[in-house]
Every structure is written in C-alpha cells, then in structure tokens.
Amino acid sequence: MEETRVGDKSMGGARHAAMAGVTAAIAIAAAVLSAGPVSAETVKIGLILTYSGPAASLGEEIDNGLKLYVKEHEKELPAGVTLEIIRRDDTGPSPDVAKRLAQELIIRDKVNILAGVVWTPNANAIAPLTIEAKVPLVIMNAASVTATRLSPYIARTSFTMWQQGYPLGQWAAKQGRKKAYTLVSDYAPGADAEESFKKGFTEGGGEVVGSVRVPLKDPDFVPFVQRVKDANPELLFIFVPAGKQATAVMKAYNELGLRAAGIKLLGTQDLTPEEELPNMGEAPLGVITAGAYSEVATRPANQAFIAAWKRDYGTSSHANYMAVDAWDGMAAIFAAIKAQNGKIDPDQTMKILAGWKNPDSPRGPIEIDPETRDIVQNIYIREVKKVGDQLANVEFETIPQVKDPWKAMNPK
Ligand code: PHB
C-alpha cells in the first residue's frame, strides 16, 4: 500500500472492491487533500543514462545539465507539483539493458516520462515500449536520424548526425577542398555521419576517396588512422562518440603524424567536447567541427548558464553540448508539466513538446519541429583555438535554424 498516493489511477477499480476498508480510508484521505487549494501531483521521470564504464562521463554531463535546470527552475513548477527523477544506468551501448530498464521504469515505477539516453541502439530498443505504454521519451543525446520516426511518443532535444555532417561537408567543399577521407564508428550514427558528410561534400564538388569504420566498443584507432595517412587525403572527417574515444582518436591523429603531414581534421561536435579538450594537449588546435553549442559562446543565455555551471560544479568543470541538450530537454519537460498542472497525459504532452520553442537557449534559438519532433537549431562551424590559456570551440560561421536534412530529403 505504501505506493498508493492520491491521484494514483491504478487504485479504485473494480478489482479493488474487496479492499473496501482500505479504499474507504484512501477516499477520505483524498477528500481531505483535495479540499485544499492545491492538488498534490508527483511527476515521475525515468532517466536512462550511462553512468558507468568507459563512457560514464557522457552520462555525467547530461545529468549535470539536467540537475542544473531543475535547481534553477524548480520554483516555477505549479504549486503542489513535485518531481521525482529515477535514475538508471544502462552501462553503455547496450540495447538489451536499456530496454529492460525502460520496462521496469514503466511497469514497476510507473514513470510519466522517460528521458536521457546517450546511445542510438538503446533509444531504438526503447522506442516500441513508448508506443505500447504511451510513455513519452525525451531524447537528450542519441542522434541517429531514425529515432523520432520509430515512435510518435519520442521528441529529441539533442541533434541528428545529419544536422552536422551535411552542412560541414558543404562548408568544406566551399573552401575549395577536393579530397576527403572519412573515419566513423561502425554503428548507425557513424553511418549517418559518413553519409551526410559525403553528400554535402560531393554535392559541392569534393570527392570522398576512402572511408573506414571502426568498432564501437574498445576501438584501437591506430591501424585505421594509419590507413588514412597512407592514402594522404587533404581532409579527414571523423565521428566517434564523445568522451574518451574522442581523445584517443585525436591522439592517434597527432602521434601518427597526420597533422604534421598537413591532413586537415574535421568532425562533428563529438570530436572536440569541452570536457575532453584539456586531456588532448595541443593536438586539436585548428580542428574544424560543426556543432550546436560552444562553451565559450558569448550569448547572454550561455554566459548565465556557464556561470551557474561553474558555481555548482567548479571552475575547472566544463559544460559541453550534451549538458545543454539535457538542460533544454528539461526545459521542454517543464513546459509540459506546467501546461498540464502536473497531470501528465501522454498525448497532450507530445502535443506540447512538438512545437515547443525557446528563443533564448544557451545554444541560441531552438524549436522542436512539430512535424518530425526533432530539434531545429543553429549549426555553428567552429575552430579549436586557445581562449586565454585553454582550448575552446570558437564559433565563426552560423547556419541558422537547421532542420534535420535527412528527413527533408526522405519525407515519410
Ligand atoms: C549515439 O549513439 O547516438 C551517439 C553517442 C555518442 C555521441 C553521439 C551520438 O557522441
């Protein structure tokens, strides 16, 4: 009985008729509470992230962004509404684990909303459950294009790989570059990154002279990067998951002498995440990436965000795009909670999420596209430079309000 609370729709049905005494007691409690000016609602959010293993720093960035939003904005929740965040560790790209955790969160914990999810295979494994159980999922990282097509109960506040790879390919071609090589992780987001960069680059007159895919788990980048060096392209485009893999591939690029050989390095924002830059030495200097967020961006909303971040997590702690994607994801969830006064209806929630906008996110203006439920955002072309005594992603060109290009090219 300890799980029962006022407003719990699982109680009061015919199958509980035998529990007449208990039901009566609850009815009285409900009457007493509902007589007050505010109703008590607990909104349960099931947060699935990677908190352990080699990619634990990704979960930490996302959780820190989300926690910071809650701390700064909790007071805006309607009176009587409390938030309960139930955290689960999927341990890495493990769709079976993620699916089991989502099942438990839905069935046992009765969450109203699922959130988080670093990895595309995990998000894709959860997608059918969101339909069966009608539980909205707000994706705060997983970035392969198809996720939002797998369920009408999914909205995404992060990005798609196509949102970065395609404009970056176009930009590289515009610089007059002719020959590129691609190196990506061998799973769906890697394939998206490879294809999107190639399409943008070749449409602009460039040629992809070779492509390698490296294992997602525990990759040794050296033989793959050596192969690129031997081909001697003008450009190397890389996507690997952010975190330790980004630092490892950057190290291989530098130590195998590709930088010295004049092979220019480009990538998605995953290649130069802010919290890893201090671990990369000077290797990333001059690397060009496409991304939706930079820690050093001077937008006032970003400066306020970074001030709060440094206050809570320390001056040497860095916020990356994942942290901001979670901050914005929580802002969207708050909008849904506020509009429904804490009584979460899944279909109503999706209606609120689809079309939700924030003109003033730390990354600039954003909107969840009502049609695709993917985010529309500025894509910045950035160069790694020294700002003060630290490396940073410095935005130097803005492609405004980019919708997922793949969905525009592949309408349903
Ligand atoms: C993904 O699996 O979708 C993913 C993971 C890590 C990243 C980007 C995308 O840095």
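**The ligand and its surroundings in a predicted model**

Q: What is the distance between an oxygen atom of the ligand and an N or O atom in the side chain of Asp-270?
A: A polar contact requires a pair of N or O atoms within 3.5 Å. For the side chain of Asp-270, the distance to an oxygen atom of the ligand is 2.6 Å.

Q: What percentage of the area that the ligand exposes when taken alone does the protein bury?
A: Taken alone, the ligand exposes 280 Å². The share of this area buried by the protein is 100%.

Q: What is the volume of the largest cavity?
A: The structure holds one cavity of 30 Å³ or more. The ligand takes up the space of the largest cavity. The volume of this cavity is about 110 Å³.

Q: Which residues lining the largest cavity are the closest to its centre?
A: The lining of the largest cavity consists of 16 residues. By class, 13 are nonpolar, two are polar and one is charged. The closest to the centre are Val-118, Asn-141, Tyr-187, Phe-239 and Asp-270.

Q: Which residues lie nearest the centre of the second largest pocket?
A: The second largest pocket has a volume of about 280 Å³. Its lining has 10 nonpolar, four polar and three charged residues. Of the 17 residues that line this pocket, those nearest its centre are Pro-54, Ala-55, Leu-216, Asp-218 and Gln-245.

Methods. Residues numbered from 1 in each chain as written. Predicted model: local features only at pLDDT ≥ 70, side-chain atom pairs only at ≥ 80, totals over all residues. Heavy atoms only, no water. Polar contact = N/O pair within 3.5 Å; in protein donor to acceptor, adjacent residues only side chain to side chain. Areas by Shrake-Rupley, 256 points an atom, 1.4 Å probe, with all protein chains shown as cover. 1 Å grid on protein atoms, 1.4 Å probe; cavity = no way out; pocket = protein on both sides within 12 Å on 5 of 7 lines; lining within 4 Å. Sits in = over half its atoms within 2 Å of the grid points. Points joined across faces, edges and corners; volume = space filled by probe spheres on them. Nonpolar A, V, L, I, M, F, W, Y, C, P; charged D, E, K, R; others polar.
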